[in-house]
Amino acid sequence: MSIEHYHQMCNKYRGRAVEIRTRDGGVHRGIIENVNNRRVFIRPFERERNIGGFGYGFYGPRYGFGTGFGTGFGIALGAIVGLSVLPLFFW
(Lines give C-alpha, C1' and ligand atoms only; values in the text may rest on other atoms or scores of the structure.)
Protein backbone atom coordinates (compact mmCIF):
# COMPACT_ATOMS: atom_id res chain seq x y z
CA MET A 1 0.00 0.00 0.00
CA SER A 2 1.13 3.53 -0.65
CA ILE A 3 2.17 6.20 1.82
CA GLU A 4 -0.80 8.31 0.72
CA HIS A 5 -3.15 5.46 1.61
CA TYR A 6 -1.78 5.21 5.16
CA HIS A 7 -1.77 9.01 5.48
CA GLN A 8 -5.48 9.10 4.66
CA MET A 9 -6.23 6.18 7.02
CA CYS A 10 -4.34 7.81 9.88
CA ASN A 11 -6.19 11.09 9.35
CA LYS A 12 -9.48 9.22 9.24
CA TYR A 13 -8.81 7.47 12.54
CA ARG A 14 -7.27 10.43 14.42
CA GLY A 15 -8.30 10.25 18.07
CA ARG A 16 -9.07 6.52 17.84
CA ALA A 17 -7.28 3.56 19.36
CA VAL A 18 -5.20 1.76 16.73
CA GLU A 19 -2.58 -0.93 16.33
CA ILE A 20 0.18 -0.10 13.86
CA ARG A 21 2.54 -2.75 12.51
CA THR A 22 5.84 -1.63 11.00
CA ARG A 23 8.22 -3.19 8.48
CA ASP A 24 10.72 -4.10 11.16
CA GLY A 25 8.11 -6.23 12.96
CA GLY A 26 7.23 -3.67 15.62
CA VAL A 27 3.68 -3.41 16.94
CA HIS A 28 2.56 -0.09 18.41
CA ARG A 29 -0.78 0.37 20.19
CA GLY A 30 -2.07 3.79 21.07
CA ILE A 31 -4.27 6.71 20.12
CA ILE A 32 -3.46 8.72 17.01
CA GLU A 33 -2.78 12.29 18.14
CA ASN A 34 -1.40 13.95 15.00
CA VAL A 35 -0.50 13.16 11.39
CA ASN A 36 1.80 15.10 9.09
CA ASN A 37 3.19 14.33 5.63
CA ARG A 38 5.91 12.05 6.97
CA ARG A 39 4.83 10.66 10.35
CA VAL A 40 1.89 9.58 12.45
CA PHE A 41 2.16 10.46 16.13
CA ILE A 42 0.56 8.11 18.64
CA ARG A 43 0.12 8.26 22.39
CA PRO A 44 0.84 4.77 23.75
CA PHE A 45 -1.51 3.09 26.20
CA GLU A 46 1.21 1.96 28.61
CA ARG A 47 2.92 4.54 30.72
CA GLU A 48 6.67 4.41 31.07
CA ARG A 49 7.54 2.28 34.05
CA ASN A 50 9.55 3.66 36.94
CA ILE A 51 12.10 1.01 37.89
CA GLY A 52 12.59 1.53 41.61
CA GLY A 53 12.23 4.81 43.44
CA PHE A 54 9.37 7.27 43.42
CA GLY A 55 7.25 8.30 40.47
CA TYR A 56 6.88 11.85 39.23
CA GLY A 57 3.08 11.88 39.07
CA PHE A 58 1.41 14.28 36.68
CA TYR A 59 4.00 16.38 34.88
CA GLY A 60 2.55 17.69 31.67
CA PRO A 61 -0.48 18.26 29.47
CA ARG A 62 -0.52 14.63 28.31
CA TYR A 63 0.74 12.91 31.46
CA GLY A 64 4.36 13.10 30.39
CA PHE A 65 4.07 11.52 26.95
CA GLY A 66 6.53 13.22 24.61
CA THR A 67 7.06 16.83 23.82
CA GLY A 68 5.88 19.39 21.32
CA PHE A 69 2.48 18.15 20.26
CA GLY A 70 2.03 16.34 23.57
CA THR A 71 2.25 12.99 21.79
CA GLY A 72 4.18 9.83 22.49
CA PHE A 73 6.30 9.24 19.42
CA GLY A 74 6.22 9.39 15.67
CA ILE A 75 6.15 6.47 13.26
CA ALA A 76 7.25 7.01 9.67
CA LEU A 77 4.36 6.55 7.27
CA GLY A 78 6.65 4.63 4.90
CA ALA A 79 7.40 2.06 7.62
CA ILE A 80 3.76 1.10 8.19
CA VAL A 81 2.65 -2.27 6.82
CA GLY A 82 -0.65 -2.54 8.67
CA LEU A 83 -3.09 -0.39 10.60
CA SER A 84 -6.11 -1.70 12.44
CA VAL A 85 -8.64 0.05 14.64
CA LEU A 86 -8.94 -1.38 18.14
CA PRO A 87 -12.14 -1.54 20.16
CA LEU A 88 -12.29 0.91 23.05
CA PHE A 89 -11.98 -1.81 25.66
CA PHE A 90 -9.65 -4.66 24.77
CA TRP A 91 -7.50 -7.08 26.75
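The chain has one helix and five strands, where helices (H or I, at least four residues) and strands (E, at least two) are DSSP runs numbered from the N terminus. Read from the N terminus, the elements follow the order α-β-β-β-β-β. This is a predicted model, in which local features need pLDDT of at least 70 and side-chain atom pairs count only at pLDDT 80 or more, while totals for chains, interfaces and linings use all residues. Residues are numbered from 1 along each chain as its sequence is written, and side-chain values use heavy atoms, with hydrogens and water left out.

Let's start with the sheet. It is open, has five strands in the order β4-β3-β2-β1-β5, and its pairing is antiparallel; two strands count as paired if DSSP finds at least two bridges between them. β4 (73-76) and β5 stand at the edges with a single partner strand each, so one side of each has no neighbour in the sheet. From one strand to the next, the twist averages 45 degrees. The antiparallel pairing of β1 and β5 runs over five bridges, and V18 stands opposite V85 in β5.

The helix comes next. α1 lies across β2, β3 and β5, and runs at about 25 degrees to β5. Axes here are lines fitted to C-alpha atoms, for helices over the stretch in contact, with angles from 0 to 180 degrees between N-to-C directions; contact means heavy atoms within 4.5 Å.

Leaving aside neighbours within four places in sequence, C10 is in contact with I32, V35, V40, L77, I80 and L83.

Of the 91 residues of the chain, 33% count as buried, meaning under 20% relative accessible area, with exposed over 50% and partly exposed in between (1.4 Å probe, protein chains only). Among contacts between residues at least 6 apart in sequence, 59% join residues at least 24 apart.

Finally, the charged side chains. The structure holds three salt bridges, each defined by a side-chain nitrogen of Lys or Arg within 4 Å of a carboxyl oxygen of Asp or Glu.

| Salt bridge | N to O distance |
|---|---|
| R21 and E19 | 3.1 Å |
| E19 and R29 | 2.8 Å |
| R43 and E33 | 2.9 Å |

E19, R21 and R29 are linked in a network of salt bridges. The salt bridge between E19 and R29 joins strand β1, which holds E19, to strand β2, which holds R29, so the pair ties together parts ten residues apart in sequence.

The salt bridge of R43 with E33 also links distant parts of the chain, with R43 in strand β3 and E33 in strand β2, ten residues apart. R43 is partly exposed, with a relative accessible area of 23%, and E33 is buried at 17%.
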